[in-house]
Amino acid sequence: MPYTASDLLTAELETCQRVVDTQLDAILDASRLICDTLSAGGRWWVFGTGHSHMIAEEFYGRAGGLTDIHPILEPALMLHESLAKSTLLERRAGLADDLLEVHGPTRGDVIVIASNSGRNAVPVEMAEGARQRGVAVIAITSMAHSRSVTSRAPSGKRLFELADVVIDNCGTPGDAAVDGEQGGVGATSTLTGALIAQAITVEVVGQMRTRGTPVDTYTSFNI
């Protein structure tokens, strides 16, 4: 049978529903960790490579998002310069340490790292380096995918093994929701990742207001 848009929409909604049904506690844990960090004067960082950089951007500079958030958005690790280049570089050991040195997360900060597979050297070493600097780590990843593969980082660790809080995007190995004779199509990680990011943002804003220390948020520049 050929792939259909209806198949994909159904699969996407089912994946989002799994996030809703299973990940609320992790989202609340992550939000409390972020609020504790902000309340103590720490900084909130976000990071992702490849398509996962869009999850980092979902936290940053959006209407309704916090104004005081610190993205690590390395152009060479995104896709607009070259798919082959970004794929090669996200597997390169040592690059995360350079980015941490340049951007400077320090003890008492928190970082959200998005990586669907959780296996490549840069996101794994970003988590390792952050922990060595006393930075708390929140991971957004696919547990099904990550558990089905080995790490490409020298330590042999995967992202979920290094995080203080792990949020599962509930995707399948390969990040393709619709199966067929020519292989799966229809990625889910961006949709569920954005949903998780917005849920964290709303919870953080609400919790900080409840604590009596409201945070500033962006209003759409188009209003």
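Q: How many bridges join strand 3 to strand 4?
A: This is a predicted model: local features need pLDDT of at least 70, side-chain atom pairs count only at pLDDT 80 or more, and totals for chains, interfaces and linings use all residues. Residues are numbered from 1 along each chain as its sequence is written, and side-chain values use heavy atoms, without hydrogens and water. Strands (E, at least two residues) and helices (H or I, at least four) are DSSP runs numbered from the N terminus, and two strands pair if DSSP finds at least two bridges between them. Strand 3 and strand 4 run parallel, and the number of bridges joining them is 5.

Q: How many residues of strand 4 are buried?
A: Buried means under 20% relative accessible area, exposed over 50%, and partly exposed in between (1.4 Å probe, protein chains only). Ala136, Ile138 and Ile140 point one way, while Val137, Ala139 and Thr141 point the other, and all are buried. Strand 4 is therefore largely enclosed by the rest of the structure, with a buried count of 6 of 6.

Q: Which residue of strand 5 is the bridge partner of Ala139?
A: Strand 4 also pairs with strand 5, in the parallel sense, over 4 bridges. In strand 5, the partner of Ala139 is Val166.

Q: How many residues does the largest nonpolar core have?
A: A nonpolar core is a set of buried Ala, Val, Leu, Ile, Met, Phe, Trp, Tyr and Cys residues joined through side-chain atoms within 4.5 Å. Phe59 is among those with the most contacts inside the largest one. Beyond its neighbours within four places in sequence, Phe59 is in contact (heavy atoms within 4.5 Å) with residues including Trp44, Val112 and Ile200. The core's residue count is 29.

Q: Which residue has a side chain joined to that of Ser189 by a polar contact of 2.6 Å?
A: Ser189 lies in helix 8 and is buried, at a relative accessible area of 12%. A polar contact is a pair of N or O atoms within 3.5 Å; within protein, one must be able to donate a hydrogen and the other to accept it, and residues adjacent in sequence count only if both atoms are side-chain atoms. At 2.6 Å, the partner of Ser189 is Asp175.
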